[in-house]
There are 2 protein chains.
Amino acid sequence: MAQHRIGKQTIVFPGKPGILSSAAVVGPKEGRGPLADGFDLVVNDALFNQESYEQAEHAIFREACEKCLKKGNFSNTDVQAMLGGDLLNQIMAASLSARELSIPFLGLYGACSTIAESLILGAILVDGGYAAPVLCAAGSHFCTAERQYRYPLEYGNQRTPAAQWTVTGTGACLLGASSNPWARITHATAGRVVDMGIKDANNMGAAMAPAAADTLIAHFRDTGRTPQDYDQIISGDLGRIGSEILTELMKKNDYLLTQDNYMDCGLKIFDPRDDVHAGGSGCGCSATTLSAYILPKIRKREWKRVLFMATGALLSTTTSQQGETIPGVAHALVLEGEM
Amino acid sequence: MAQHRIGKQTIVFPGKPGILSSAAVVGPKEGRGPLADGFDLVVNDALFNQESYEQAEHAIFREACEKCLKKGNFSNTDVQAMLGGDLLNQIMAASLSARELSIPFLGLYGACSTIAESLILGAILVDGGYAAPVLCAAGSHFCTAERQYRYPLEYGNQRTPAAQWTVTGTGACLLGASSNPWARITHATAGRVVDMGIKDANNMGAAMAPAAADTLIAHFRDTGRTPQDYDQIISGDLGRIGSEILTELMKKNDYLLTQDNYMDCGLKIFDPRDDVHAGGSGCGCSATTLSAYILPKIRKREWKRVLFMATGALLSTTTSQQGETIPGVAHALVLEGEM
């Protein structure tokens with residue numbers, strides 16, 4: 001069997017699987033942010049005509065998947081596999097959406113790194129000829145995440161300065177072989193789980209930054225590339241604190257991330273006047289920013305090659321209550337436009 | 001790109017990825033059952049020297065992975081990817097084990113179908129030349145599952161006759177290219193999420209059986225095979241009620257499952273004198289039975305070709321409380337011994 005790998009951790013895709021379409025459906029706060037024009041639907045309120053926030057999260061997830069299929073001119077019966085997940089216990093928004101879409105479903109959980117995980121596995125399915133097209137999706141909802149991980153909104157608890165605001169929204173991408181895709185996936189670096197001993201569940205940027213550095217360094221080491229080889233290096237939801245730590249950690253390893261070549265989706269998605277403290281977070285943060293901002297930049301040829309890395313904090317209320325530290329994980333992939 | 005598929009849902013692996021080693025670590029109840037001789041470690045008590053059942057689940061998960069690597073004469077640094085999950089919220093047993101193993105980690109959640117999901121994706125990684133060897137693992141723990149999904153054990157609640165007993169244990173397999181593997185994976189059929197409207201969270205066999213039938217029928221339709229082409233057709237944890245429903249559903253579609261050609265791991269793992277009501281369940285049920293019973297049968301050439309299908313019920317306490325029905329999912333793969 002031919003080995004489609006370079007270095008220790010990086011996969012090379014000889015077939016360069018294409019992104020055939022993408023869609024993002026978000027909540028009202030995201031919809032009044034700077035990426036407003038890029039979203040396919042902004043729901044009027046966080047309940048989205050449902051009886052619970054969890055049902056709204058499920059409806060938003062399904063809606064994003066359906067919009068993605070429609071934009072690519074595919075029906076659900078054309079799609080050979082669906083890969084995705086969310087932050088709800090037992091990834092129920094994705095699972096219930098898969099029920100209604102009736103596509104063979106492989107559920108994923110990588111916390112907020114899930115969209116990158118799904119794109120990497122989706123690219124492998126397409127590149128290897130095991131399935132195409134493949135639907136990749138990840139989502140989150142502020143109100144369900146607060147209730148599940150912290151406190152129900154009704155408590156009105158005060159957020160710490162390091163806290164991040166979970167994005168309400170789902171981003172979906174359809175991958176396949178195409179001569180004229182929106183963008184192509186050329187490489188992927190799947191990350192290791194890294195734990196530097198952070199215990200504060202309200203400071204997830206700090207918990208995730210070491211994993212992000214580990215994956216970025218592995219990617220540069222494996223490919224022989226440097227930050228200069230990318231028009232943009234993009235992290236998922238490190239937020240203000242995590243981004244600063246990542247920049248610092250990379251600098252110590254002689255890789256320079258600057259305001260020009262590096263951005264974090266969590267610092268891009270919300271209007272700064274909507275004070276969300278340390279930034280946006282959640283599976284939906286990088287997934288919707290990918291569809292609403294990153295892929296359009298590539299389509300318009302403003303960026304020719306970007307390194308997209310979604311980051312996840314691996315914790316549950318139980319592990320936090322039992323005194324466990326919070327490890328992070330980060331998965332990166334290279335997106336290229338048509339030359 | 002060559003298409004390695006037949007029919008609508010089935011993948012064919014031209015490279016026939018091999019199972020290089022496997023291991024199963026289980027709790028005391030499983031250890032006094034009929035598969036006792038096949039387990040690599042039976043822990044003396046469900047706490048496994050830890051301070052909580054969740055920590056025990058994590059320790060058992062890691063132990064199974066380490067034993068699997070050791071049996072295959074691999075160290076963690078040799079392994080290029082780890083795919084796995086468990087039933088804990090946010091799959092924390094798998095995630096924390098991945099931290100200690102330091103292998104690039106792709107977290108999965110397919111409820112009790114997780115071991116089949118991980119073997120299918122692992123086989124794709126190996127067959128396509130994207131990673132090898134790959135570690136696939138899934139686990140569960142009776143005491144954490146009771147606390148998380150039902151009641152803490154201390155309540156002493158009464159179990160209904162349809163209830164199944166979550167297996168305490170983790171099964172792990174190492175996949176790779178080898179001229180002399182324990183068994184080979186030749187085909188895989190990933191399942192759709194199917195919901196027939198079951199709402200009783202204590203009758204998961206009934207919730208999963210329609211998905212199992214959907215996947216089996218898709219597999220037979222895609223491959224042109226019949227049950228007669230397999231020495232054994234194996235379901236994960238349908239239990240007594242789910243197995244009967246599956247047999248009935250298959251009969252209606254002219255596929256005959258009998259006591260001779262069909263078994264369910266949930267009906268095999270416990271001693272009948274340990275009355276577990278409708279049978280065993282949990283990610284660990286099919287994963288440990290695979291390692292302790294199915295793979296040994298293939299190695300001893302008692303079975304030449306089996307269809308292994310793990311089944312999952314997709315629910316959370318929140319979806320149940322909100323009145324949602326319980327969909328199921330089932331993923332199948334073909335295991336062959338050396339001819």
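A: A polar contact is a pair of N or O atoms within 3.5 Å, where within protein one atom must be able to donate a hydrogen and the other to accept it. In this predicted model, 36 residue pairs across the interface of chain A and chain B are found by that rule, both residues being at pLDDT 80 or more.

Q: Which elements of chain A give two or more residues to the side that touches chain B?
A: They are β2 (10–12), α2 (53–71), α3 (92–101), β6 (105–107), α4 (114–127), α5 (142–149), α9 (317–321) and β15 (328–336) of chain A. The largest share, six residues, comes from α4(A).

Q: How do the residues of this side of chain A divide into nonpolar, polar and charged?
A: The division is 31 nonpolar, 23 polar and 10 charged.

Q: Why is the pair B:Asp195 and A:Arg99 called a salt bridge?
A: The closest N and O atoms of the two residues are 2.5 Å apart. The cut-off is 4 Å between a side-chain nitrogen of Lys or Arg and a carboxyl oxygen of Asp or Glu, so the pair qualifies. The count between chain A and chain B is four salt bridges.

Q: What is the area buried between chain A and chain B?
A: About 5200 Å² is buried, and carbon and sulfur atoms give 59% of this area. In residue terms, 64 residues of chain A are in contact with 64 residues of chain B.

Q: Which residues touch the most other members of the largest nonpolar core?
A: They are A:Leu135 and B:Leu135, in a core of 176 residues. Beyond neighbours within four places in sequence, B:Leu135 is in contact with residues including B:Cys65, B:Leu69, B:Met82, B:Ile103 and B:Leu174.

Methods:
Residues are numbered from 1 along each chain as its sequence is written. Chains are lettered from A and ligands numbered from 1 in the order in which they are written. This is a predicted model: local features need pLDDT of at least 70, side-chain atom pairs count only at pLDDT 80 or more; totals for chains, interfaces and linings use all residues. Side-chain values use heavy atoms; hydrogens and water are left out. Contact means heavy atoms within 4.5 Å. Buried area is the accessible area (1.4 Å probe) that two parts lose on being put together, summed over both. A polar contact is a pair of N or O atoms within 3.5 Å; within protein, one must be able to donate a hydrogen and the other to accept it, and residues adjacent in sequence count only if both atoms are side-chain atoms. Helices (H or I, at least four residues) and strands (E, at least two) are DSSP runs, numbered from the N terminus. Ala, Val, Leu, Ile, Met, Phe, Trp, Tyr, Cys and Pro count as nonpolar, Asp, Glu, Lys and Arg as charged, and the others, Gly among them, as polar. A nonpolar core is a set of buried Ala, Val, Leu, Ile, Met, Phe, Trp, Tyr and Cys residues joined through side-chain atoms within 4.5 Å. Buried means under 20% relative accessible area, exposed over 50%, partly exposed in between (1.4 Å probe, protein chains only).
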